[in-house]
Amino acid sequence: MNQQELIVFMVRSAWNSQVKRTDTLFDSFTYEQMLQPIAPGKNRAAYLAGHLACVNDQMLKLLGLGERNFSQLDPTFITNPDSAEVDAMSIPSIKKIWKDSNQKLSSCFDKMKSEEWFERHTAVSVEDFAREPHRNKLNVLISRTEHLAYHLGQLMLLKNKAD
């Protein structure tokens, strides 16, 4: 394994670890826990599951891996805060969207070669990438791993309230 492959392996391992921990936590939540706010006036677990799924879904296009599957959910889970629109969806369907988004990404990631991770993502121009080569696909995965870890921390607060 060369250094580039090792770096990609480490970043993907961190991503996979956070996804697995979050997935396990969502699976452990009861229906009632999924509808509880993390703290008074804050997001509920159901909203965060949909939010994280939509952010994952956005990565498909951002990384040039294909078209999105859940763009119609952006108003509910990205553009707007937690609201009654979330209540209109079933908890099992939100959890399924979360799982489906992860499975799709994992399948796409498995097909990528290590050098592809160092290519520009679709939101950066060729000119900007020439000046700032760190604005690559791997950096997107790093930032999305941080985003996932942040929300996992919030979700742990909800889990701790139940224990």
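The structure holds 4 aromatic pairs, where rings of Phe, Tyr and Trp (its six-membered ring) count as a pair if their centres lie within 6.5 Å, with planes under 30 degrees apart called stacked, over 60 edge-to-face and the rest tilted. Before we go on: this is a predicted model, in which local features need pLDDT of at least 70 and side-chain atom pairs count only at pLDDT 80 or more, while totals for chains, interfaces and linings use all residues. Residues are numbered from 1 along each chain as its sequence is written, and side-chain values use heavy atoms, with hydrogens and water left out.

Let's start with Phe 26 and Trp 98. Their ring centres sit 5.4 Å apart with planes at 75°, so this pair is edge-to-face. Phe 26 belongs to helix α1 and Trp 98 to helix α6 (residues 91–111), so the pair ties together parts that are 72 residues apart in sequence. Helices here are DSSP runs (H or I, at least four residues), numbered from the N terminus. Phe 26 is buried, at a relative accessible area of 1%, and Trp 98 is buried with a relative accessible area of 1% too. Buried means under 20% relative accessible area, exposed means over 50%, and partly exposed is in between (1.4 Å probe, protein chains only).

Now the rings of Tyr 47 and Phe 77: their centres are 5.8 Å apart and their planes are at 40°, so the pair is tilted. This pair also links distant parts of the chain, with Tyr 47 in helix α3 and Phe 77 in helix α4 (residues 74–79), 30 residues apart. Tyr 47 counts as buried at 5% relative accessibility, and Phe 77 counts as buried at 1%. Elsewhere, ring pairs link Trp 15, Phe 109 and Trp 117 into a cluster.

On to the helix packing. Helix α1 (residues 3–28) and helix α3 (residues 45–62) pack at about 150°, their axes 12 Å apart; the axes are lines fitted to C-alpha atoms, for helices over the stretch in contact, and angles run from 0 to 180 degrees between N-to-C directions. That makes α1 roughly antiparallel to α3, given that angles under 35 degrees count as roughly parallel, over 145 as roughly antiparallel, 65 to 115 as roughly perpendicular and the rest as oblique. The crossing of α1 and α3 is left-handed, meaning that the near helix is turned anticlockwise from the far one by less than a right angle (clockwise would be right-handed). From α1, the residues Trp 15, Thr 22 and Phe 26 meet Ala 45, Leu 48, Ala 49, Leu 52, Asn 56 and Met 59 of α3, contact being heavy atoms within 4.5 Å. By class, the contact of α1 with α3 has 7 nonpolar and 2 polar residues, and no charged ones. In this scheme Ala, Val, Leu, Ile, Met, Phe, Trp, Tyr, Cys and Pro are nonpolar, Asp, Glu, Lys and Arg are charged, and the others, Gly among them, are polar.

What about α1 and α6? Their axes are 11 Å apart and the packing angle is about 160°, and α1 and α6 are therefore roughly antiparallel to each other. Their crossing is left-handed. On the α1 side the contact includes Arg 12, Asp 23 and Asp 27, and on the α6 side Lys 95, Lys 99 and Asp 110 are among the residues. The residues of the contact of α1 with α6 divide into 6 nonpolar, 3 polar and 6 charged.

That leaves α3 and α6, whose axes come within 9 Å and cross at roughly 25°. These two helices are therefore roughly parallel to each other, and their crossing is left-handed. Among the residues making this contact are Ala 49, Gly 50 and Ala 53 of α3 and Ile 94, Trp 98 and Leu 105 of α6. By class, the contact of α3 with α6 has 13 nonpolar, 4 polar and 1 charged residues.

A few residues are worth a look on screen. Asn 56 is in helix α3 and counts as buried at 4% relative accessibility. Leaving aside neighbours within four places in sequence, Asn 56 is in contact with Trp 15, Trp 98, Ser 101, Asn 102 and Leu 105. Cys 54 lies in helix α3 and counts as buried at 0% relative accessibility. The C-alpha atoms of Cys 54 and Phe 77 are separated by 6.9 Å, though the two are 23 residues apart along the chain.
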